[in-house]
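Have the model open alongside.

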Amino acid sequence: SSEPARKPRRPRSGLAGPMFAAASELELPADKKASIDKLGEALGERGPSDPESQRALQAAFTDGVKAGKVELAKLEPTLTALDKAAAERKDAEVKALDGLHKELDAAQRKALVEAVKKHEADRGGRFKERGGQDKDDKDGKDGKDGKDGKAGDAERAKRRLERLSGELGLDADQQKKVEPILMKHDLGRAGNKGGDAREEMKKRMDALLAAFEKDTFSAAKLEFGADAKRHREMAKKKAEYLNALLGVLKPEQRDKLAATVDDGPRGGRGSGPRGPRRMRSPGSGPPPGVDEPGD
């Protein structure tokens, strides 16, 4: 007997991903399913950013670390490419969501919205079961450790300092100088809180679902989040952190730092304010569960 036709893979990222994933589970006429499949195929599986540009940005950071200074001007070509990729991704999502809305009647749109809400609620429950813990915080201490404010920040900085010292071989004097740098440039908590980012994405998704149920709908009016400003802000913050760190390191330690910055195919485990292999780099995509709600 012949094998059943393989369903096209659904896009999982951005605002459109969960909508198309839920649409694939609806009981719809064959012609509507075919039309929706075509819309999903046109959207593709692209994430909010261009992987090639992400790798180029990582390489620019690595080169800067090796040279002893990360210059924002040298990051500009890749940041411009990421701007373009974000704009193209938004245009693709707008077209796909508008097309999906036109394919469904009021009852079908309501069913889709309810399915997405259930999926998001289930996903939120699984996150809470893990203690609201960031996937990168494998020691379980950077999540809910019962300490807030300056005391919690200081403890996190000390743990990152231990990891950083082990990776780079920092001496006692360097450790004293690096600890306040980690406190100041704590993107993992103070500068780019995962909880805040998840809440931001939830608000965008809630706005989409509320708008999608209505008879008239324009995806272009939605806030998508994956914009040029985010890439540039994160690039600036990371450059500031790395340059502050480079001011403390010895030449031979720069190469060790450069190796951690360039670690991983997506740069997702590169060096950052949490210490080596602890922070996603600018342009490498959002933290888990932020701009990729279908994951």
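Arg254 sits in helix α11; helices here are DSSP runs of H or I with at least four residues, strands are runs of E with at least two, and numbering starts at the N terminus. This is a predicted model, where local features need pLDDT of at least 70 and side-chain atom pairs count only at pLDDT 80 or more, while totals for chains, interfaces and linings use all residues. Residues are numbered from 1 along each chain as its sequence is written, and side-chain values use heavy atoms, with hydrogens and water left out.

Setting aside neighbours within four places in sequence, Arg254 touches Val65, Lys66, Ala67, Gly68 and Leu246, where contact means heavy atoms within 4.5 Å. Leu168 is 86 residues away from Arg254 in sequence, yet their C-alpha atoms are 8.3 Å apart.

## Leu249 in the loop

Leu249 belongs to the loop between α10 (228-246) and α11 (251-261).

What does Leu249 contact, leaving aside its neighbours within four places in sequence? The partners are Leu168, Leu170, Gln174 and Leu257. As for Asp171, 78 residues apart from Leu249 along the chain, the C-alpha separation is 9.8 Å.

Helix α1 (residues 16-23) is mostly covered, with seven of its eight residues buried. Those are Ala16, Gly17, Pro18, Met19, Phe20, Ala22 and Ala23.

The axes of α1 and α4 come within 10 Å and cross at roughly 35° (axes are lines fitted to C-alpha atoms, for helices over the stretch in contact, and angles run from 0 to 180 degrees between N-to-C directions). This crossing is left-handed, meaning that the near helix is turned anticlockwise from the far one by less than a right angle; clockwise would be right-handed. On the α1 side, Ala16, Met19, Phe20 and Ala23 meet Glu93, Ala96, Leu97 and Leu100 of α4. By class, that contact has seven nonpolar, no polar and one charged residues (nonpolar covers Ala, Val, Leu, Ile, Met, Phe, Trp, Tyr, Cys and Pro; charged covers Asp, Glu, Lys and Arg; the others, Gly among them, are polar).

## Glu93, tucked away

Glu93 is part of helix α4, and Glu93 is buried, with a relative accessible area of 4%. A polar atom of the Glu93 side chain lies 2.7 Å from the backbone nitrogen of Ala16.

## α3 against α4

Helix α3 (residues 51-67) and helix α4 (residues 72-103) pack at about 165°, their axes 9 Å apart. So α3 is roughly antiparallel to α4, a label for angles over 145 degrees. The crossing of α3 past α4 is left-handed.

From α3, the contact uses Ser53, Gln54, Ala56, Leu57, Ala60 and Phe61; from α4, it uses Lys74, Leu75, Thr78, Leu79, Ala81 and Leu82. These contact residues split into eight nonpolar, three polar and one charged.

## The chain overall

Zooming out, the chain has eleven helices and zero strands. Of its 295 residues, 44% count as buried. Among contacts with a separation of 6 or more, 74% come from residues 24 or more positions apart.

Conventions
Parallel < 35°, antiparallel > 145°, perpendicular 65-115°, else oblique. Buried < 20%, exposed > 50% of the residue type's maximum accessible area, 1.4 Å probe, protein only. Polar contact = N/O pair within 3.5 Å; in protein donor to acceptor, adjacent residues only side chain to side chain.
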